[in-house]
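This report looks at salt bridges and at the contact between domains. Please have the sequence and the structure open while reading.

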Amino acid sequence: MSGSRLLGTGSALPRRVVTNAELAQKVDTSDEWIVARTGIRQRHIAGPDETTSTLAIAAARAALADAGVEASSIGLIILATATPDNTFPATATKVQAALGCQGGVAFDVAAVCSGFLYALATADSLLRTGMARRALVIGAETFSRILDWEDRTTCVLFGDGAGAVVLEAPSDQSEGVGILATRLHADGDQHDLLYVDGGPSTTQTVGHVRMRGQEVFRHAVVNLSDVLKEVLEETGISPQDLDWVVPHQANARILDATARKLGISPEKVVVTVDRHANTSAASVPLALDIARKDGRIKTGDLVMLEAMGGGFTWGASLIRM
Ligand code: UT7
């Protein structure tokens, strides 16, 4: 078992923090309801000068610095986002220009909250083919721009941010480390449970997030525990062998229920939803970076990443750091 190795991680958050109490002044909600139902206490919201690309660039720079590699060594940039700066070109090309690593491959991936897992698997596959030696994989979102700020059932749930990792193609030295296994899934029949009610080819508007929360919740717990089991079975690893789980941060109750279903101790689950809310494609790399930088996740640890979102799409990836 040997896959692409993680050389470094980075993240970025908008400057402005918005508390539940501040939201309760705008919509009919309360800090008590939001904390009890979701675990969210605050979120970061992008200001006028902050966009998906500015957050992505900051996270990418932090990941390059952490990895100790030059931007010029990056031959592949994959950016997962549902909130690109423009309909086209891909926001990844803006990142490429800002970092000054021209000449390689750069494109966006749209799989909403599972986007980072989809991007990571795509980068791993392309690195294995020799397309590039090093890749930047980024999840970056400004969901605040597609929220209906009068809909209390969605606007309290999301935040903005970005996370990034530097990946290197497998080599003789990387046996047993890096991305060990990934499984991805999609079920387009569930499209209408979580979607945006606009787009260039339908309404010619950006649209707003719409969600049937309870139904998404039910599917999330089942799909996530199933895909985690798949990856564990494929690699012959038991849930107790995992050092850390870094889940998509949608709702603290989903994290608890999924961990409980698999017999994973809650202390091994990285939780950032209280501080960041749901940052869609950014949430997994953001949480991974936080847990590495605060010293929890160390070199050699066995870490499971997992996410589920609109589509539905979902997936999990097992990594030896
Ligand atoms: O990232 C992609 C994946 N997304 C998710 O995984 C989200 C999954 N879903 C969830 O996290 C939860 O379903 C929510 C947090 C969205 C909602 O929690 P819930 O426990 O499922 O609540 P609910 O939708 O059943 O609503 C309960 C009540 C309703 O009132 P009634 O009908 O019982 O009178 C809602 O109208 O809470 C009401 N409510 C609110 N009250 C205060 C809904 N939103 C709010 C709010 N503040 N913000």
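Which residue forms a salt bridge with Glu-22? The partner is Arg-16, with the closest N and O atoms 2.6 Å apart. A salt bridge here is a side-chain nitrogen of Lys or Arg within 4 Å of a carboxyl oxygen of Asp or Glu. Glu-22 is partly exposed at 24% relative accessibility. Arg-16 is partly exposed too, at 40%. The classes are buried (under 20% relative accessible area), exposed (over 50%) and partly exposed in between, with a 1.4 Å probe and protein chains only.

The model is predicted; local features need pLDDT of at least 70, side-chain atom pairs count only at pLDDT 80 or more, and totals for chains, interfaces and linings use all residues. Residues are numbered from 1 along each chain as its sequence is written, and side-chain values use heavy atoms, without hydrogens and water.

**Salt bridges**

The count by this rule is 18 salt bridges. Side chains of opposite charge can pair when their charged atoms come close. The table gives some of the pairs.

| Pair | N to O distance |
|---|---|
| Glu-22 and Arg-16 | 2.6 Å |
| Arg-134 and Glu-168 | 2.7 Å |
| Asp-197 and Arg-210 | 2.9 Å |
| Arg-210 and Asp-148 | 3.1 Å |

Arg-134 meets Glu-168 in a salt bridge. The pair links distant parts of the chain: Arg-134 is in strand E6, Glu-168 in strand E7, 34 residues apart. Strands are DSSP runs (E, at least two residues), helices likewise (H or I, at least four), numbered from the N terminus. Arg-134 is buried at 13%. Glu-168 is buried at 11%.

Asp-197 pairs with Arg-210. Asp-197 lies in the loop between strand E9 (194–196) and strand E10 (209–211), and Arg-210 in strand E10, so the bridge ties together parts 13 residues apart in sequence. Asp-197 is partly exposed at 33%. Arg-210 is partly exposed at 22%. Shared partners also join Arg-5, Arg-133, Arg-134 and Glu-168 into one salt-bridge network.

**Between the domains**

The domain assignment, automatic or from a database, gives domain 1 (5–174) and domain 2 (178–320). Contact (heavy atoms within 4.5 Å) takes 52 residues from domain 1 and 48 residues from domain 2. The domains bury about 3700 Å² between them, 65% of it on carbon and sulfur atoms. Buried area is the accessible area (1.4 Å probe) that two parts lose on being put together, summed over both. Three salt bridges cross the interface of domain 1 and domain 2.
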